[in-house]
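Please look through the structure below before reading on.

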Amino acid sequence: MKVSKRIKGVEYAIRDITLYARSLEEKGRDILYLNIGDPVLYDFKTPNHIKDALIDAVKKDKNYYPASEGISELRNEIVSMESKKGMNLTRDDVIITNGVSEAISMVMASILDEGDEVLVPGPCYPPYSSYTNLFGGRTIEYKCDEDNKWMPDIDDLEKKITDKTVAIVIINPNNPTGAVYNENILKKIADLASSNSIYLIADEIYDRIIFEDNFVSISKVAKDAPLIMLNGFSKVYLMTGLRLGYLCMNDKVSNELKKELPKLARLRISSNMPVQYAALEALRSNDDYIDEMVSKLRLRRDYIIKRISTIKGLKCVNPSGAFYAFPKIDLTIGKWKSDLEFVKELLLETGVLTVNGSGFGREYGSNHFRIVYLPSLTILEEAMNRLEAFMHKRLLMQ
Ligand SMILES: Cc1ncc(COP(=O)(O)O)c(C=O)c1O
């Protein structure tokens with residue numbers, strides 16, 4: 001029976017790797033899950049006022065199909081927030097989606113034809129590549145330079161723009177590297193998009209999870225570029241399982257796309273209505289919990305970075321935002337053939353589940369692995385002890 005070629009191009013390493021862990025867990029192994037970026041699984045719970053707004057909406061029968069583009073109040077709030085960051089847009093330019101994930105699929109479905117190219121950061125959060133492939137496009141990784149705090153290499157990006165390039169994707173703060181881009185780099189990327197008349201797709205889902213410098217949105221410097229901004233409520237507002245995000249387009253995006261893309265919103269009817277009221281509450285109410293979360297995460301980041309720095313064979317750039325670390329592995333130490341083999345052996349021997357770097361892009365993600373540092377310090381300490389012992393054993397076997 002037929003299965004499409006397209007579906008075979010779809011990969012999602014972050015969850016695909018869980019299959020190995022589940023089978024071990026069924027055999028009684030104790031697994032430390034450091035693979036999924038879901039704060040609500042750990043000690044960062046959805047704030048009560050957001051949960052109450054959700055329950056209240058359900059009880060008030062806000063359970064019907066709302067407008068496909070989203071409820072007006074929430075879209076207005078998003079216009080006001082994004083305008084403050086520097087974006088020129090109106091309410092018609094905002095579409096509420098079932099998570100940023102759905103926004104990525106809608107954007108790629110609306111801008112790509114067979115053979116079109118999308119420039120994605122190397123390494124990159126996997127759905128950008130998978131959805132590009134699914135809609136007939138091809139991703140080209142541009143280099144993010146590990147020796148320069150994983151900043152995009154502008155020369156490399158510029159060299160990779162061809163007449164088939166349709167869009168440049170940036171993820172800031174970045175998943176998987178935790179890099180936070182400075183204004184100068186953002187301006188150069190925005191200028192490349194505007195001078196080549198290609199879309200700039202910016203994912204700022206971690207915009208308030210920042211440890212050192214102030215966050216600069218690309219909106220501030222991308223006034224002349226056709227900017228498609230993606231953001232959502234999963235990470236900063238601790239609403240992962242509630243599934244809500246949005247996409248918005250600035251005044252340089254063509255009216256044609258603004259007319260065509262919303263058809264996809266109508267096709268899937270709407271996003272979850274009561275959750276839209278919960279999101280409205282999240283944007284309007286006290287958000288001190290975000291600072292508390294960032295303070296806790298900073299301690300966890302400092303702890304794992306310090307531990308990794310003492311483990312021979314691993315090297316890690318200090319992440320400045322989000323909640324991921326992306327260490328480089330000296331594969332010769334364990335004679336591992338690939339980062340995937342390293343991740344599988346680490347799991348099998350120690351029960352510590354991480355994600356293979358190649359799952360974030362073969363060219364620049366290979367020879368790395370991604371650690372999520374959302375768990376408590378006690379769990380992180382146990383995970384680091386096991387990782388250290390694992391590496392030490394391989395060194396002795398050399
Ligand atoms: C960069 C980035 N974008 C989007 C998402 C998914 O967001 P959502 O939960 O809104 O679908 C993630 C989740 O890990 C992410 O890291």
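How many Å separate a polar side-chain atom of Ser101 from an oxygen atom of the ligand? The distance between this Ser101 atom and the ligand oxygen is 2.5 Å. The model is a predicted one.

## Contacts with the ligand

In Asn175, a polar side-chain atom is 2.7 Å from a ligand oxygen. For Ser234, an N or O atom of the side chain lies 2.7 Å from an oxygen atom of the ligand. On its own the ligand has 400 Å² of accessible area, and the protein covers 94% of that area.

## The surroundings of the ligand

The ligand is located in the largest pocket. Around the ligand there are 13 residues, and the closest of them are Ser101, Asp203, Tyr206, Ser234 and Lys235. By type, this shell consists of 6 nonpolar, 4 polar and 3 charged residues.

Helix α6, which spans residues 99-111, supplies 3 residues of the shell, the largest share.

## The sheet

The model has an open sheet of 8 strands with mixed pairing. The strands run in the order β2-β9-β8-β7-β6-β3-β4-β5. At the edges are β2 (94-97) and β5 (151-152), each of which pairs on one side only.

Strands of a sheet are paired through backbone hydrogen bonds, in either a parallel or an antiparallel sense. Strand β7 (residues 199-203) and strand β8 (residues 227-232) form a parallel pair with 4 bridges. Opposite Met229 of β8 stands Ala202.

Key:
Residues are numbered from 1 along each chain as its sequence is written. This is a predicted model: local features need pLDDT of at least 70, side-chain atom pairs count only at pLDDT 80 or more; totals for chains, interfaces and linings use all residues. Side-chain values use heavy atoms; hydrogens and water are left out. A residue is near a molecule or strand if one of its heavy atoms lies within 4 Å of it. A polar contact is a pair of N or O atoms within 3.5 Å; within protein, one must be able to donate a hydrogen and the other to accept it, and residues adjacent in sequence count only if both atoms are side-chain atoms. Accessible areas come from the Shrake-Rupley method with a 1.4 Å probe; for residues, only the protein chains shown count as cover. On a 1 Å grid over the protein atoms alone, a cavity is a set of points where a 1.4 Å probe fits but cannot get out, and a pocket is an open set with protein on both sides within 12 Å along at least five of seven lines; lining residues have an atom within 4 Å of a point. A molecule sits in a cavity or pocket if more than half of its atoms lie within 2 Å of its grid points. Helices (H or I, at least four residues) and strands (E, at least two) are DSSP runs, numbered from the N terminus. Ala, Val, Leu, Ile, Met, Phe, Trp, Tyr, Cys and Pro count as nonpolar, Asp, Glu, Lys and Arg as charged, and the others, Gly among them, as polar. Two strands pair if DSSP finds at least two bridges between them.
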